[in-house]
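Reader: I have a structure to look at and some questions about it. Can we go through them in turn?

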Amino acid sequence: MRIILSLFLMLPLFSMAEEPTYSIWEGRPDSEQQTESGDGANSGSADDPGADIEIDLDELGVSDDAESRLLRGNFYYSYLVGDYYRTLYYLKRWQTLIGSEQTPETEAEVMRAAVYLSLGLEDQAEAIFYQVFSEGGTASGDAWYFLAQRLFSGGYYERAEQSARNALSAVPALSGRHQQELRYLLVSSISEQDRIEEATAAMAGLRDKNIWTGYARYNLILAMIRQNFNSRDLEAMIDEAIYYLPENEEGTALRDRILLIAGIAAMEREKHVMANRYFSDITLESVFTPPALLHYGWNLLAQWRYEDAIQPWRILQQLYDEYNPAVVESYLAVPHTLELIDAVNQSVLAYERVEESLSVMVQELRGINEQESLGNWLAAWREDNSAQNWGWQRQTLTDLPDSRVTHFAQALLNNEIFNEELARLHDLDRIRADLAKAYADLGLWENVLIERRQKLADLGGEELLDRLEDRQMDVLRSILAVQDRLLDEDETVFSYASRSDEARIERLRNVVPAVTHLQKIGTPTRDLAPYKERWRRMRGLQLWSIYEAQPQRKWDTERDHMILRSETDTLFRQLESTRTSLAWADSSWRGFPERVQVLKSRIAAADERVGQLQQSQEELLTEMARDHLTELDERLTLYLAQARLALARLYDDSLQQEFGDSGEVPEE
Amino acid sequence: MGYLARYVVLILLGMQIHAHADTQADNSQSLKPGDMVPDFTLPAVNGFGQRLQEARGSYLMVIWLGHCDECSERLVRYQLLAESLEIEGLKGWFVWTPGGDRSPPNMRLPVLKYEPRWRQGWVFKDRPAIMLINADGRLDHLITGDLEDNYQETEEVVMRWMSQGRDYQRPE
Amino acid sequence: MKYLLMLILCLPALASAEDAAVREEVMSAKETVLELNRDLYELERELLSPATTRAAFHITLNHGEYFEPLSVELSVDGKLELQHLYTERQVKALRMGAVQPLGDLNLAPGKHDITVTVRGVDHQGQGRELTITEPVTKTGKPLITELLIVDRDELQSARLQLKYW
């Protein structure tokens with residue numbers, strides 16, 4: 001019915017200016033822009049990820065290509081600005097659009113690997129890199145460099161070496177600022193595999209006066225020590241390493257470190273004089289000072305320089321707290337040395353002091369080496385780092401909180417494996433927090449969806465629209481009636497006569513019977529001719545005035561009719577839009593509750609899995625800490641026993657001497 | 001009735017935006033040391049805009065200017081301080097708030113401009129102030145008060161902060 | 001002493017077999033979480049802007065030799081809807097040919113007037129403003145709009161172009 005009515009409206013009714021040609025039932029008007037679709041030639045080369053990606057703008061046009069192009073562009077954009085989560089999202093959409101499980105382009109695949117790398121998924125990243133590599137594609141030097149870095153710190157030296165070599169030969173080349181560090185990674189990963197000559201050869205690319213060279217030399221020295229290398233070469237390497245280090249905090253720390261291991265190595269080879277030289281050069285400001293002082297003392301002891309040996313230990317005990325591992329080791333050293341130089345009284349006093357300290361420490365240690373306090377210690381650290389993100393977004397993790405446990409576990413905290421496990425626990429914590437937040441967000445969305453559905457139902461949109469439509473129909477009918485009248489009007493004699501005109505015509509009409517009657521009566525005195533004449537004149541005038549006014553009136557009427565029609569048209573369009581909106585409004589909730597449920601259950605499953613990992617990680621760390629503390633307990637107890645034994649021995653010797661001199665037998 | 005369409009679609013969809021509202025509805029912020037600094041993007045009067053998120057990984061000194069009308073002279077020392085530590089990884093930004101006929105300072109470092117119409121930005125309430133934000137995006141130090149009076153203290157704090165704070169992963 | 005030596009030198013120990021298994025599990029968990037994150041984002045995007053009402057806006061920079069954008073503001077029917085401030089890194093990404101997703105809006109069916117103003121600097125460092133106003137029509141399908149900042153070599157300037165599907 002509506003269609004018929006509208007078609008009716010569409011008919012050109014009057015011969016006047018052109019009517020608009022659109023229909024209220026047609027969709028889109030004329031302004032849609034169409035462009036030619038050209039070749040989708042994206043000239044970004046496979047071996048040039050992220051740089052100089054060219055897009056041919058003439059390619060714009062057909063929906064599919066355009067959307068694909070845009071998604072590809074979105075992917076690159078999010079990668080280049082560092083929004084890595086969005087990068088994976090756009091990649092998935094891009095893949096979905098082109099109907100492929102694989103990444104469409106090689107450089108996009110490399111970027112995906114780089115994103116995984118940044119998010120802490122080294123294994124997956126490496127697998128992708130190697131796949132790209134084996135298929136003849138290349139990743140950029142920087143990408144290989146980042147991978148090499150991660151692999152090296154993970155302890156995978158062979159793979160790190162391979163990545164480093166790939167980085168050096170990659171196109172586009174490695175950025176200048178990473179060159180030195182990469183060469184350090186190469187040299188160090190070869191050193192870790194104990195291939196000294198190759199590592200030495202690989203040193204060629206490193207600049208002498210650079211901290212990375214220092215670190216590379218350090219790792220090489222370690223390898224040489226492990227392999228019991230020729231001492232002259234080793235000494236030369238040590239001297240060279242120390243000589244070229246930069247004069248800053250980092251350089252000083254590295255220098256001390258090299259001197260320490262050199263000294264220890266020399267000690268073990270019984271080159272005590274050389275060891276002295278190394279130890280004495282260490283500063284008193286770095287983290288390597290305590291072990292250096294300790295070993296210095298041992299070294300001097302080995303040379304029977306007893307009095308000299310006590311010096312570094314005293315300094316050690318003065319500068320550092322009693323929980324420091326090196327200090328703990330030195331406890332018995334001092335009184336033992338005093339014994340060796342026959343300073344018995346001092347030795348006794350020293351042993352007594354040591355015995356007292358160790359007793360307290362052992363007591364304390366036993367108190368804290370239990371599940372609860374270790375758990376609290378970890379918990380405090382986890383709390384401290386709760387604002388840090390996981391994976392690539394994490395910058396640094398804070399140190400463990402300053403507590404009794406930390407003091408005792410100083411040695412453990414230097415253990416790389418422990419730190420790695422700790423970082424892993426942090427990551428798991430953060431992941432769980434993210435999952436919990438996502439779950440809560442989905443809960444909020446569920447409420448929103450219920451609200452939307454409810455609101456739509458309450459609106460009663462359909463009924464409202466139906467009522468409005470009925471009213472529209474009435475209006476339309478009235479208009480059609482007017483239209484009919486207008487059509488008829490054209491046929492009438494007195495078309496477009498106004499009311500006053502009609503009244504006058506009516507009066508004229510009414511005069512006719514009266515005149516006719518008078519004519520019939522026909523009295524001689526009645527002359528009807530002037531009346532007839534007047535009537536004809538009146539009629540003529542009236543006709544003239546009607547016909548004169550007719551065009552204007554016809555114009556006005558038709559114009560008003562057109563305006564009315566166009567208003568109705570607009571109203572119909574509006575009605576249609578509103579009906580469409582109502583249909584669309586449904587899409588704001590339809591299908592979503594199910595999707596939300598699916599995601600929620602996935603999150604719950606992931607959360608459970610991560611929870612289990614978290615639990616086992618926590619247990620592992622607590623176990624490691626407990627083992628360490630137990631071992632420390634045993635050691636301290638041993639030292640305590642040794643101190644007590646030594647005291648007993650000294651007292652005994654002293655008594656022996658006293659009564660031996662006097663020849664008396666002590667009273668029972 | 002023309003508005004019914006918009007009402008139906010937009011109001012309904014507007015409901016959930018409340019749940020995920022932009023947390024910077026109130027454009028001024030009040031922070032204390034230890035807080036994570038909310039991300040912002042502000043335009044600069046002398047170059048590209050700056051986004052806090054992009055400065056992650058570097059140490060950042062943000063100087064919130066108070067009443068500043070071409071106050072370049074007062075800020076020269078801060079600029080020199082930031083530039084001298086640039087090699088150590090320190091970045092420095094000024095944030096200027098326009099008002100009346102005031103003109104921004106003419107500096108080499110980025111001078112960001114806070115304007116309420118840019119919803120990606122916010123302004124610090126207690127200006128003038130100096131914020132020292134570490135590589136993780138956390139506010140480490142906050143020094144409020146007159147910039148000239150506080151320069152000495154700022155310099156000391158910055159030097160100490162830079163020498164202590166660098167805890168990046170060292171190679172083995 | 002050897003123990004101390006080991007501790008001090010922090011020799012990176014190779015992961016044990018057990019540790020490798022845990023590591024793999026954690027990696028796998030991380031990957032799952034990444035996928036979840038991606039799917040969540042997709043769902044959220046559709047919830048905020050369902051396909052039927054969605055109008056997505058993208059920005060591309062063609063070469064950018066004569067114009068560098070610093071900010072963009074987009075209005076629909078006179079109301080400011082989207083805005084963005086550019087950092088150097090983002091402009092660099094645009095120059096490389098990447099496409100910036102400016103944002104999604106919800107539009108009612110029918111005709112709308114889109115006005116976009118991009119402020120920036122030209123190749124001589126002078127401040128410039130590019131503006132465009134175009135009508136678009138929203139149908140039941142998602143509206144994809146691209147704003148192009150195109151160089152005009154002959155005039156050594158740039159102009160804005162709007163294309164939509």
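What follows is a set of questions and answers on a predicted model.

Reader: How many residues does helix α11 of chain A have, and what does the helix reach from its first C-alpha to its last?

Author: Helix α11 of chain A runs over residues 231-243, which gives 13 residues. At 1.5 Å a residue, a span of 18 Å is expected. The helix comes close to that, and its reach from first C-alpha to last is 18 Å.

Reader: Which residues of α11(A) are buried?

Author: A residue counts as buried if 20 or more other C-beta atoms lie within 10 Å of its own. In α11(A) the buried residues are A:Leu234, A:Met237, A:Ile238 and A:Ala241.

Reader: Are α11(A) and α12(A) roughly parallel or antiparallel to each other?

Author: The buried residues of α11(A) pack against α10 (211-226) and α12 (249-268) of chain A. For α11(A) and α12(A), the packing angle is about 165° and the axes are 9 Å apart. Angles over 145 degrees count as roughly antiparallel. The two helices α11(A) and α12(A) are therefore roughly antiparallel.

Reader: Which residues of α12(A) make the contact with α11(A)?

Author: α11(A) passes α12(A) in a left-handed crossing. From α11(A), the contact is made by A:Ile238, A:Ala241 and A:Ile242. From α12(A), it is made by A:Arg255, A:Ile258, A:Leu259 and A:Ala262.

Reader: Is A:Ser359 buried, exposed or partly exposed?

Author: A:Ser359 lies in helix α18 of chain A, residues 344-368. A residue needs 20 or more other C-beta atoms within 10 Å to be buried, and 12 or fewer to be exposed. A:Ser359 has 15, so A:Ser359 is partly exposed.

Reader: How many strands does chain B have?

Author: The elements of chain B run α-β-β-β-β-α-β-β-β-β-β-α from the N terminus on. Chain B has three helices, and its strands number nine.

Definitions and conventions
Residues numbered from 1 in each chain as written. Chains lettered and ligands numbered in written order. Predicted model: local features only at pLDDT ≥ 70, side-chain atom pairs only at ≥ 80, totals over all residues. Helix = DSSP H or I, 4+ residues; strand = E, 2+ residues; numbered from the N terminus. Expected span 1.5 Å × (residues − 1). Contact = placed C-beta atoms within 7 Å. Axes fitted to C-alpha atoms, helices over the stretch in contact; angles between N-to-C directions. Parallel < 35°, antiparallel > 145°, perpendicular 65-115°, else oblique. Left-handed = near helix turned anticlockwise from the far one by under 90°.
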